[in-house]
Amino acid sequence: MSASVSVTARRLVAATLAAGALVSVVTLPASAADHRPERSKVEISDVQYDSPGRDDRSNRSLNREWVEVTNTGRRSVNLDDWTLQDEDGRTYTFDHYRLEGRATVRIHTGHGRDTDTDLYQDRRHYVWDNRSDTATLRNDRGRFIDDESWGHHHGGGHHR
């Protein structure tokens, strides 16, 4: 009987080892995927198209109209020559700007001093239509990255 138990034990150990090897082979691609470099995703994360208060075209009012762009990835992204455009073709081009990983930059319509978190289009007129418009973000090769619509495009008149 002990020889029979010994053979059974060896078979059980062999089956357990084979199953363990199979599980490690099956999980290998998933763990290998975890080590691939993460692609950063840049997106339009928020829009304030209707400047709060009176639309008096003051610089303060113009700067209360903005679009936020967020990098959801861990790696920084060079936004040099990327564009942000409205439906009428008014375009802001990013100039020598790098958006850090997991960071957001707010692009204001009016004049101001650019920082890591705030950029300024240096315009004297509003860009984003209060009733309906679309903000479109494109990379330096003109490829579509993201857009955000409101009004008749979005089924409402508010930003997200």
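Trainee: Which residues are linked in a network of salt bridges?

Mentor: Asp86, Asp88 and Arg90. Keep in mind that this is a predicted model.

Trainee: Noted. How many salt bridges does a search of the whole structure find?

Mentor: Six.

Trainee: Start with arginine 106. Which side chain does it meet in a salt bridge?

Mentor: Glutamate 68, at 2.7 Å from N to O. This pair links distant parts of the chain. Arginine 106 sits in strand β7 and glutamate 68 in strand β2, 38 residues apart.

Trainee: Is glutamate 68 buried or exposed?

Mentor: Buried. Its relative accessible area is 15%, and the cut-off for buried is under 20%. Arginine 106 has 26%, so it counts as partly exposed.

Trainee: What about glutamate 43? What is its salt-bridge partner?

Mentor: Lysine 41. Their side chains meet at 3.4 Å, N to O. Glutamate 43 is partly exposed at 21% relative accessible area. Lysine 41 is partly exposed too, at 49%.

Trainee: Why does 49% count as partly exposed for lysine 41?

Mentor: Because exposed means over 50%. Lysine 41 has 49%.

Trainee: And aspartate 56? Which side chain does it meet?

Mentor: Arginine 54, in a salt bridge of 3.9 Å, N to O. Arginine 54 is exposed, with 67% relative accessibility. Aspartate 56 is partly exposed, at 39%.

Trainee: Change of topic. Why is strand β1 described as largely enclosed?

Mentor: Strand β1 covers residues 42–48. Five of its seven residues are buried, so the rest of the structure largely encloses it.

Trainee: Which strand does β1 pair with, and in what sense?

Mentor: Strand β2, residues 66–71, in the antiparallel sense. The pairing runs over six bridges.

Trainee: Now the open sheet of four strands. What is its order?

Mentor: The order is β5-β4-β9-β10, and the pairing is antiparallel. The edge strands are β5, residues 91–93, and β10, residues 144–150. Each of those two pairs on one side only.

Trainee: What does the twist average from one strand to the next?

Mentor: In this sheet, 15°.

Trainee: How many bridges join β9 to β10?

Mentor: Six. Strand β9 is residues 133–138, and the two strands run antiparallel. Threonine 136 stands opposite aspartate 147 in β10.

Trainee: Where do side chains point in a regular strand, in general?

Mentor: They alternate between the two faces of the sheet.

Trainee: Last topic, the loops. Where is glycine 112 found?

Mentor: In the loop between β7 and β8. Strand β7 is residues 103–108, and β8 is residues 118–120.

Trainee: What is its relative accessibility?

Mentor: For glycine 112, 40%. That makes it partly exposed.

Trainee: Which residues is glycine 112 in contact with, leaving aside its neighbours within four places in sequence?

Mentor: Tyr120 and Asp122.

Trainee: And how far apart are glycine 112 and asparagine 59?

Mentor: In sequence, 53 residues. In space, glycine 112 and asparagine 59 are 8.6 Å apart, C-alpha to C-alpha.

Key. Residues are numbered from 1 along each chain as its sequence is written. This is a predicted model: local features need pLDDT of at least 70, side-chain atom pairs count only at pLDDT 80 or more; totals for chains, interfaces and linings use all residues. Side-chain values use heavy atoms; hydrogens and water are left out. Two strands pair if DSSP finds at least two bridges between them. Axes are lines fitted to C-alpha atoms, for helices over the stretch in contact, and angles run from 0 to 180 degrees between N-to-C directions. Buried means under 20% relative accessible area, exposed over 50%, partly exposed in between (1.4 Å probe, protein chains only). Contact means heavy atoms within 4.5 Å. A salt bridge is a side-chain nitrogen of Lys or Arg within 4 Å of a carboxyl oxygen of Asp or Glu.
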